[in-house]
Each structure stands twice: as structure tokens, then as C-alpha cells.
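Hello,

Here is the structure I promised to pass on. Please open it first, then read my notes below.

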Amino acid sequence: MLVLGIETTCDETACALVRDGREILSHTIASQVDLHLPFNGVFPELASRRHSDVLIPLIKETLAKANVAIEEIDLVAAARGPGLIGALLIGLNTAKTLSYAWGKPFVGVNHVEAHLYAAMLPLERVDFPAMGLVISGGHTFLVKIHDVGDYEFLGGTRDDAVGEAFDKVATLLGLPYPGGPEVERLAKGGKPSHFALRAGRVKGAPLDFSFSGLKTNVLYTIRDLKRPLSEEERAHLAASFQETALVDVVDKANAAAKKEGLATLFCGGGVSNNRRLRALFAERSSLQVHYPPPSLSLDNGAMIAALGYHCFIRSGGGHSLDMEPQTRIPLHPA
Ligand code: KG4
Ligand code: ZN
């Protein structure tokens, strides 16, 4: 089954053709970093406008790259949420329109579930149950995966997502958007033990996360110095923050796996790109951790097309064109 996948949840317009949930024929991304850079974050209305300008040419490019004709496509899939409402509307309505015009079925895919599936996508065989960890700009949670589409929530953030904390700390350190990779770069030259920072604990919920206190910790550290940070101190603070946040993620994943008796972890979302995170899993965990390939760890259309295939099967033939976008969706089958 050949699936066209469309992703417009936030600040990347992305598109892909994927066969049977695994084989990527082509995959294209139009990044909007240039557009949002002056605002130091995503400007939602501008994101929507850029999606509507570039999506149709990008779909044409994706088909041309794979040398695929419209007649060969079996299913149109789009991210139906979570994300920015205006941005979601562009991708979802385009997918529904193409589905109607081409006479092909349509599915709306949960973007966060797709981030998790991106770590399974390259594997020929996945044994369940396994652990799932999503660490992105909007989400941070742990699940037990019983099957694709069948998740048991184990713990999640009570406030900021870990990627959001990276982005906010980047701003405090005077780094440009998108902040996560910038903090990682700066942290490379710093000492993680230089500043004593504390990760958030949620009373009575040892597998839940809280990152807003850690972010405030960074803010107060800067304020209490009562002078501009030296270059070395900026690097030390980036490293101390990164280490504290990522050790917290790794240790809670370990605790969840121990509680559930699981040995394999699938890790998805933008923060899974972080090299220090991967090193910490290798150093502090006996879990076998699977990450998405580098091109699939940030927002992309291939994860939408690939999971779209499974959504088609589990929905028994596709979703209604009445499906609405959703800015928030719990992780369960759409
Ligand atoms: O999964 P994603 O592309 O979008 C969402 O669905 O949220 O994740 C984007 C988030 C941003 O917060 C970004 O700062 C963070 O992932 N991120 C990183 C790194 N690369 C991206 N955070 C830490 N280290 C990185 N290397
Ligand atoms: Zn995402």
C-alpha cells in the first residue's frame, strides 16, 4: 500500500511517500526556520501562510522524486494534531481535498504517536510489549507499548515539555531559535557539574516530570550572579541544565522499565536527536534503546505516511472527511 503523508503541525512543511509502513520512496521537508528566526520562536499565523504557499509544490516534488503517478497512491494521510490549529488546518484540508478529488481513502494521524513510530519504522520486526518515550517540544511522556496503536500511559510532564525547557533556557542564554540544538552545541564546551541544578520531582508520582522549576533554577542562577555571564559560564550553565534534564529523563525511563519488566525502549521526538541523551542512555541504562534515523527525528512526513498505513488498517478502511484537527490529543488510536 503506497501512502502519501503530509505534516504541517508546526514549523516544517513535510511530505513523503511510504510503502506498507516501512519503505520510504521519497521524503521532502521545507523548513521555516528563516521565517521565525526574527521572532525567536514560531509565529503561528506566518507558519500557516507558509504551509499554504509551499505544500502543493512540495507534494508535486515528492511524487516527482519517487517517479510516482497519482494513480499509484493508495491512501492520503495527514497529521490531524496535536499542533497549531491554523497550521494543522492547511495540511489536513489539503489531504482531505486530495482524497476526495483522487477518489482515495484518507486517514488523520496523531503526530505524537508518529514520533514514537519513527523509532520502529526501520525495524523489520518489533516485539511488544516495549517502553515508549516521547521527548519533543510539546510532549514528554513514558508509555508501555502493547502494540502499534495500543499504549498504556506510565508518566508525563506536569508542566513544560523537555524540548520546551531547552528552548526557554536557550532564550535565557541568549541563543537563537530553535534553541535545543544550540544549547547542546554550547554545552559541549561546559562542565555539567559547575552549577548545581535540580530536576523536578512530583510528589507521589515518581514517573512524572516537571521542568518549569529547572528552567526557573537557570533564570535565578543568572540573576544571582548580578553580572553578565562569561563565555565559560554560559557553556557551564548550558551543560549543567542539559545534564540535569537528560539524566532525569534517562533515570525515569529506567525506573519505568524496571517497574514494568521491559528491556526495550523506543524513543521519539526532537530531543531524541541530542547526542548527550544517547550517551547517557548508553552510560546509565541497560535498556536497548531504538532512536529514529536522523532524518526522521524532527517533524517529517515519512512518520505520518508510515503510521497512516497502520491507522488505515486499524480503522477498517480510513477516516471520515468530517475529521477535525485537534490541538491536543491523548495518545490513543485516532
Ligand atoms: O519533535 P519536534 O520536532 O517537534 C514537536 O513535535 O514538538 O521537537 C522539537 C523540539 C524543540 O523543542 C527543539 O528545541 C528540540 O526538540 N530539540 C532538541 C534537539 N534537537 C531538537 N533538544 C535538545 N537537543 C537537541 N539536539
Ligand atoms: Zn513533532
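What spacing do the donors of the zinc ion (ligand 2) follow along the chain? The pattern is H-x3-H-x183-D. Please keep in mind that this is a predicted model.

**The zinc site**

Three residues coordinate the zinc ion (ligand 2): His111 through NE2, His115 through NE2 and Asp299 through OD. The distances run from 2.0 to 2.1 Å. Both histidines sit in helix H4, which covers residues 111–118. His111 and His115 are about one helical turn apart, because four residues separate them in that helix. Are these histidines buried or exposed? His111 has 7% relative accessibility, so it counts as buried. His115 is buried too, at 3%.

**Ligand 1**

There are 17 residues around ligand 1. Gly137, Asp167, Glu184, Gly270 and Asn274 come nearest. Several backbone atoms face oxygen atoms of this ligand. For Gly137, a backbone N or O atom lies 2.8 Å from a ligand oxygen. A polar backbone atom of Gly270 is 2.9 Å from an oxygen atom of ligand 1. For Gly138, the corresponding distance from a polar backbone atom to a ligand oxygen is 3.3 Å.

Ala16 belongs to strand E2. Its relative accessibility is 0%, so Ala16 counts as buried.

**Backbone features**

Most residues other than glycine have a negative phi, and most peptide bonds are trans. Here are some places to check against that.

Two peptide bonds are cis:

- Gly81 to Pro82 is cis, with omega about -10°. Pro82 sits in the loop between strand E4 (75–81) and helix H3 (85–102).
- Phe128 to Pro129 is cis, with omega near 5°. Pro129 is in the loop that runs between H4 and strand E6 (130–135).

Which values of phi go with Asn40 and Lys226? For Asn40, phi is near 55°, a positive value in a residue other than glycine. Asn40 lies in the loop between helix H1 (33–36) and helix H2 (44–66). It counts as partly exposed, because its relative accessibility is 37%.

Lys226 has a positive phi of about 55°, and it is not a glycine either. Its loop runs between helix H7 (212–225) and helix H8 (231–260). At 75% relative accessibility, Lys226 is exposed.

**A contact near the start of the chain**

Thr9 lies in the loop between strand E1 (2–7) and strand E2 (12–19). Its side chain makes a polar contact with the side chain of Glu7, at 2.5 Å. Is Thr9 buried or exposed? Thr9 is buried, because its relative accessible area is 2%.

**Pairs to compare in space and sequence**

How many residues separate Glu324 and Arg80 in sequence? The count is 244, yet their C-alpha atoms are 7.2 Å apart. Glu324 is found in the segment after helix H10 (302–314). With a relative accessible area of 54%, Glu324 is exposed.

Glu164 and Glu232 are 68 residues apart along the chain, and 24 Å separates their C-alpha atoms. Glu164 is part of helix H5, residues 162–172. Its relative accessibility is 24%, so Glu164 counts as partly exposed.

**Where to look first**

Then go to ligand 1, where Gly137 and Gly270 are among the nearest residues. After that, turn to the cis bond between Gly81 and Pro82. Finish with the C-alpha atoms of Glu324 and Arg80, at 7.2 Å.

Best wishes

How values were computed
Residues are numbered from 1 along each chain as its sequence is written. Chains are lettered from A and ligands numbered from 1 in the order in which they are written. This is a predicted model: local features need pLDDT of at least 70, side-chain atom pairs count only at pLDDT 80 or more; totals for chains, interfaces and linings use all residues. Side-chain values use heavy atoms; hydrogens and water are left out. Donors are N, O and S atoms within 2.8 Å of the metal (3.2 Å for Na, K and Ca); water is not among the atoms, so sites may look incomplete. Helices (H or I, at least four residues) and strands (E, at least two) are DSSP runs, numbered from the N terminus. Buried means under 20% relative accessible area, exposed over 50%, partly exposed in between (1.4 Å probe, protein chains only). A residue is near a molecule or strand if one of its heavy atoms lies within 4 Å of it. A polar contact is a pair of N or O atoms within 3.5 Å; within protein, one must be able to donate a hydrogen and the other to accept it, and residues adjacent in sequence count only if both atoms are side-chain atoms.
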